[in-house]
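Here is my note on the model you sent. Please read it with the structure open.

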Amino acid sequence: MAPWLTIVGIGEDGFSGLGKQARRALLGAAKVFGSPRQLDLLPHCLKAERLAWPSPFSLAGVLALRGEPVCVLASGDPMFYGVGASLARQVPAAELNVLSAPSSCALAAARLGWPLQDVVILSVVARPLAQLNGHLYSGQRLLVLCNDGSSPAAIATLLRECGFGPSRLHVLEHLGGAAERHVQGTASDWNVDSVADLNLLAIECLADASAPRLSPLAGLPDSAFRHDGQITKRDVRAITLARLAPRPGELLWDVGAGSGSIGIEWMRAHPSCRALAIEADEGRQQLVEFNRDALGVPGLHLVRGRAPEALHGLERPDAIFIGGGVTVPGVLEHCWEQLRPGGRLVANAVTLQSEVRLMDWRERHGGELTRIHVAQAQPLGGFDTWRQALPITLLEVFKDAEA
């Protein structure tokens, strides 16, 4: 089928800013979908029926017109956090004609003189602000697609609370239109409660002396997490995550999550990594929820319950970490059964009983056992000596890709 659906990226300059191909598509369309603001940018001479998106939002009206000449309006680049990406998941590429305009981020980078390839782009449109916490590093430049006019003030508050008050903020309103405006200041003295709903926030991150220096790599200091002592300690956590080897788009089960440290650092490895934290204790569940937001991965999903019962019906994972409970009947068996072919399971043991369980499992399923000894220098009278932490036995086993 020839393309019947044309997605037109339209900027604040409206119909006059469109190229010939986009204008021709709109003039020949039977129906045009868009937001009320976008539809108001079209001239009265267009004969097409104008249809505003329903609430709640749905693409059903567009998909029902397959084969008819239909246009959909999108802001700027339709494939960049836009409706074009949603339609492309349901309409074959051969039936689509996407006509892009400059995105708001491209316009913002042009106004600020920022090389776009060096900038991190985030969206808080119907998304939690806490995701910004995973990208706050001195010298980092962020472009944030805002949800509404109150977003910049809320983000300024978040930056102050995280120790990034000196960060420079640029609010860019109505980019590319006659009403374009640039408001700037620092997070520490930001006093603009509301701006235009159509805005983008640019942030030049700068930490003050009180901000914790957190790395994007595995092995955050234990002090970065709230915990009750039940936490995979820093050095062991770094080794464990190296064995889990997170890759983009993969899903982890963090079984017996405790403070959630393994699942959180798994998700910090890449924006598309996902994790389920399974935890039965109510107090530790609260710790997981606090830590995931504070460390910038609000998408970590908390499963409230005890393994193996809580594992039933969950999406099959690419990797599994078991930090506690390897001796609980059925936990290892259910995890192994649900692990995707080619996936890996990593389990840590401290007690003799759990260590025996891992050794038995290795006898039946293969894998590699590693003993981890960590010692820290601590005072002994007027001198220092090594204080040995409890040794950890780590099992790493891969599931046959043909399983």
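Predicted model: local features only at pLDDT ≥ 70, side-chain atom pairs only at ≥ 80, totals over all residues.

1. Now the whole protein. It has eleven helices and 19 strands. The C-alpha trace spans about 85 × 55 × 35 Å along its principal axes. Of the 403 residues, 46% are buried. Take the contacts with a separation of 6 or more: residues 24 or more positions apart account for 65% of them.

2. Next, helix H5, residues 104-112. Which of its residues are buried? They are Cys105, Leu107, Ala108, Ala109 and Leu112. Their cover includes five strands that can be picked out in turn: E6 (120-123), E7 (141-145), E8, E9 (181-186) and E10 (199-204). After H5 comes Gly113. Its phi is positive, near 75°.

3. Is Glu173 buried or exposed? Glu173 has a relative accessible area of 5%. The cut-off for buried is under 20%, so Glu173 counts as buried.

4. What surrounds the Glu173 side chain? A polar atom of that side chain lies 3.0 Å from the backbone nitrogen of Ala196. Ala196 is also on the contact list of Glu173, which leaves aside neighbours within four places in sequence.

5. Last, a helix pair. Two packed helices are described by the angle between their axes and the distance between the axes. Helix H10 covers residues 331-338, and helix H11 covers residues 352-365. They pack at an angle of about 40°. Their axes are 12 Å apart. The crossing of H10 past H11 is right-handed.

6. Which residues make that contact? H10 supplies Leu332, Glu333 and Trp336. H11 supplies Arg357, Leu358, Trp361 and His365. By class, the contact of H10 with H11 has four nonpolar residues, one polar and two charged.

How values were computed: Residues numbered from 1 in each chain as written. Heavy atoms only, no water. Buried < 20%, exposed > 50% of the residue type's maximum accessible area, 1.4 Å probe, protein only. Polar contact = N/O pair within 3.5 Å; in protein donor to acceptor, adjacent residues only side chain to side chain. Contact = heavy atoms within 4.5 Å. Axes fitted to C-alpha atoms, helices over the stretch in contact; angles between N-to-C directions. Helix = DSSP H or I, 4+ residues; strand = E, 2+ residues; numbered from the N terminus. Left-handed = near helix turned anticlockwise from the far one by under 90°. Nonpolar A, V, L, I, M, F, W, Y, C, P; charged D, E, K, R; others polar.
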